[in-house]
Structures are given as C-alpha cells and as structure tokens.
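Keep the sequence and the structure at hand while reading.

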Amino acid sequence: MYSHGKGRTDTDLIDIGHIDTVVIGAGHAGLAMSRHLADRGVDHVVVERGRIAERWRSARWDSCRLLTPNRLTRLPGRAYQGADPDGFMTAAGLASYLEDYARSFAAPVVESTAVTEVRQLPGGDGGYVVRTDRGSWTAANLVIATGYHAHAQVPGCAAGLPPDLVQVTAAGYRSPAHLPEGGVLVVGASASGVQIADELRRAGRQITLAVGAHSRLPRRYRGRDIFWWLERTGSLDRVIDDLPDPARALREPSLQLSGSDRAVDLGALRDRGVRVAGRLAAVEGGVVRFADDLGATTAAAEARLRRVLAGIDDHVAGSPVPDAEPVPPVLLESGPRTLDLRRAAVSTVVWATGMRPRYPWLKVPVLDGTGRIRHRRGVTAAPGLYAIGLRFQYRRDSTFIGGARHDAAYLADHIAVRRAARPRRTPH
C-alpha cells in the first residue's frame, strides 16, 4: 500500500471510523480536489483502487501522449515548469508528474484499495458509508473522482464476430507487437482510433478504419498549437449554461488529434494506405457491413472545423500574427460497404468506440437512465455527494488535465460552507 501523509498505516484502514470527506479516485481530478480541500482545512482521504493515476498507467497504449501541450498541464498550486512547454507528455510521464504532485502537498492517498459499496446513512442530512476491500469509512461528504472514461463502450454486434477473432478495446491495446499477425479492423475515428490505426499501419499492418462522428482540427494554425488558440479565444472557458443547446454540447464528438505534429486525419491515413469506411452497421457471420455515411460524416466534421478556424480568424483580425495557412479539406465521398474478415486476413478488431462512466458500487439514487450522474456543476441532489471530472461538467475543459482545478475549487468551497453550517459535536 502507498499512503501520503496523515500518518495512516495499513491497520488504520480497518474500520477507520469517521472522516469529513472521502474522495474516490486519485487521478488528476481527485488530486486537484484533494489540494483544494487541504487548502481549506477539510480532513479527507483519497481512495484509489490501484496506484496514483492508475488509468494512465494501465489503460493507455505504450506510445500514448496527451493531446494537450505540456503548458496546459495545470493543477492547483502547480503549473508545468519543464523544459518542453510545447511538447506532449507521455502517459507514463503524466503518471509520474501526478505522483510527484501528490507528494508535494502530502495528499492523503490510500492506494490499492477498491471501493465496494457506497450507501447513504439514515437521515436526510447526508452522510455516507464507504466500504472498501480493506475497511470502511463514514463521511459527511463524498466526491466521486473516478473520471468520465471508466468503461469501454463496445456495441452488442461484437458478440456476432467469429470466436477466433481477437477483440481489444482502446484501453486494452498496447502496441502492434501485442496483437496477432494479420490485418486489423479499427472501429472508431476519434483520437484513440486514428492514432492506433496510424501506429498499426506504420508497423506494416493492413488496416480498415470504420468511421463514426468525429471533430477534426489541425495540430497547428497560424503558427500556434490549436489549443493555444482555443484557450486564447475563450473556447475552453465556455460554460455549459451559456450554450444554446447544452444537451447537444454533451454529445459533441471527440477531437481527432494526436500528441505530436503527425497528421492523423482521415485524408492522411488514407494516403498512408488505411482503408477508410463508414460507420460499422452490422456483423453477419464473418462479414462486417458499413453504413453509406462517410460523405455525411466527413462533411459534418469539415463544417465544425471551418467554424472553429473562422472564429480564430475573427479573433486575430488586424493583429500581427502569421497568416492563415491553408488547411486542406477532408471530404471522403464513399468507402467499402463490406469487409469479409477471413478473405482480408483480419485477425483483430480494436474497439475505439468511446468510454462511459460506470458506478456499480454506488447505491445512492443519483444516476440517470443512462447510468450517468445527475448533477449541477458537480453537485448532486443527494446532500454531500459530489462528482468531478465529468464531460463538460461546467466548463468545456472540465475533463482536461488543466480544467479540473476550476471545478475542484467550486466543490471545495461548497464542502467548506456545508461543513461550517453543520452543528458542532460536543464532547460528553
């Protein structure tokens, strides 16, 4: 076990008793929450099923890098001060960065401790019992910081694929060497899908990429990284309350980028020999069928890209910045409609079809019909129950490494006010 600060030991974990706040998850959001709670003098513990930043250690492929440049790796009380602010941190590098961050303020992290059940205590003022595989706490407040990307979404048609076909999710993929020889069908064309397809193609594999909705952006524009412009134009700061259609914003496709200057848009992949198809529509024995929607999908992505670039151009009008370099359109009219897996010698399917949160241990009625937490800025209807790290929780960058600090500050203030309003226990 690994524990930061507070003098907690293995034996302390058994029926530890009452604590003000339990934070579940020691990724960047949970650690941002911990720092803000510590700054406000709130006694708390951060429970982690594995190690600090476990998902970055064990659920990313070997060559994975952040999509955001290092300069945007901002946490409460710490900004990136390294030698490569315009570079892109590896997943392993981020895990080390977060571990060092936790150590810097003696975050009370208890590692290798899996939460097994969370229930409300009797009464209407909140309070929770948090059971783990190593003991239990009771707490006035609970913060769920397990992240938005907890469980891979694999469509039901996967069950119809031939049983000898290897199937892995993007979270389970490591490198070309870990897959059997043969062709690969990659399903999903957001950041994970296009990067994995590109890596496999560079390794000499025959790749078919099934494309769904996605958002394409250039890595650089007008001499700057695209995220520099998104921040400068206020796009990352936009709050969900200011959007005309918040529900639509929550459904926005993920970005089609890589953590390098290497282009991974569909045009670049096609030029490198990747077969680009429409959305996976059906599996019939050993034959996969694709929808005839590639033209519509790429046209929608193109329209989104042009709106973003036009906003940047308007923002810099009259300013001494480099002229806008051309960003060639990617409009693919059609692709293959079927793929016979055996004839094409396909041995593997990589499901890069997105992630969703999952809370099998949460026995408090705060989930909606899709299994997502109902909340307002991370505050749920259950007194003292909060969430952080959700997609567009309040700001557009809420799920980014540098964005969670804003939500953490808001929730820590909420917890501090709630604590001040509680009656003080008087000793007997």
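## The end of helix H4

Just past helix H4, Gly204 adopts a positive phi of about 95°. The model is a predicted one.

H4 covers residues 191-202. With twelve residues at 1.5 Å each, H4 should span 16 Å, and its end C-alpha atoms are 17 Å apart, which agrees.

Helix H4 is mostly covered, with nine of its twelve residues buried. A residue counts as buried when its relative accessible area is under 20%. The buried residues of H4 are Ala191, Gly193, Val194, Gln195, Ile196, Ala197, Asp198, Glu199 and Leu200.

H4 lies across S11, S12 and S21 (346-351), and runs at about 170° to S12.

## The parallel sheet

Strands S11, S12 and S21 belong to an open sheet of five strands. The order of the strands is S10-S21-S11-S12-S17, and their pairing is parallel. Strands S10 (166-169) and S17 (275-277) stand at the edges; each has a single partner strand, so one side of each is left without a neighbour in the sheet. On average, neighbouring strands of this sheet are turned by 20° against each other, direction ignored.

S11 (residues 183-187) and S12 (residues 207-210) run parallel and are joined by four bridges. In this pair, Val187 of S11 stands opposite Ala210 in S12.

## Strand S7 and its partners

Another group of strands is paired in the antiparallel sense. Strand S7 (residues 128-132) is mostly covered, since four of its five residues are buried. S7 is joined to strand S6 (residues 115-120) by five bridges, and the two run antiparallel. Here Val118 stands opposite Val130 in S7.

S7 also pairs with strand S8 (residues 135-144), again in the antiparallel sense and over five bridges. Arg131 stands opposite Ser136 in S8. What joins S7 to S8? A hairpin does, through two residues.

In a regular strand, side chains alternate between the two faces of the sheet.

Definitions and conventions: Residues numbered from 1 in each chain as written. Predicted model: local features only at pLDDT ≥ 70, side-chain atom pairs only at ≥ 80, totals over all residues. Heavy atoms only, no water. Pairing = 2+ DSSP bridges. Axes fitted to C-alpha atoms, helices over the stretch in contact; angles between N-to-C directions. Contact = heavy atoms within 4.5 Å. Buried < 20%, exposed > 50% of the residue type's maximum accessible area, 1.4 Å probe, protein only. Expected span 1.5 Å × (residues − 1).
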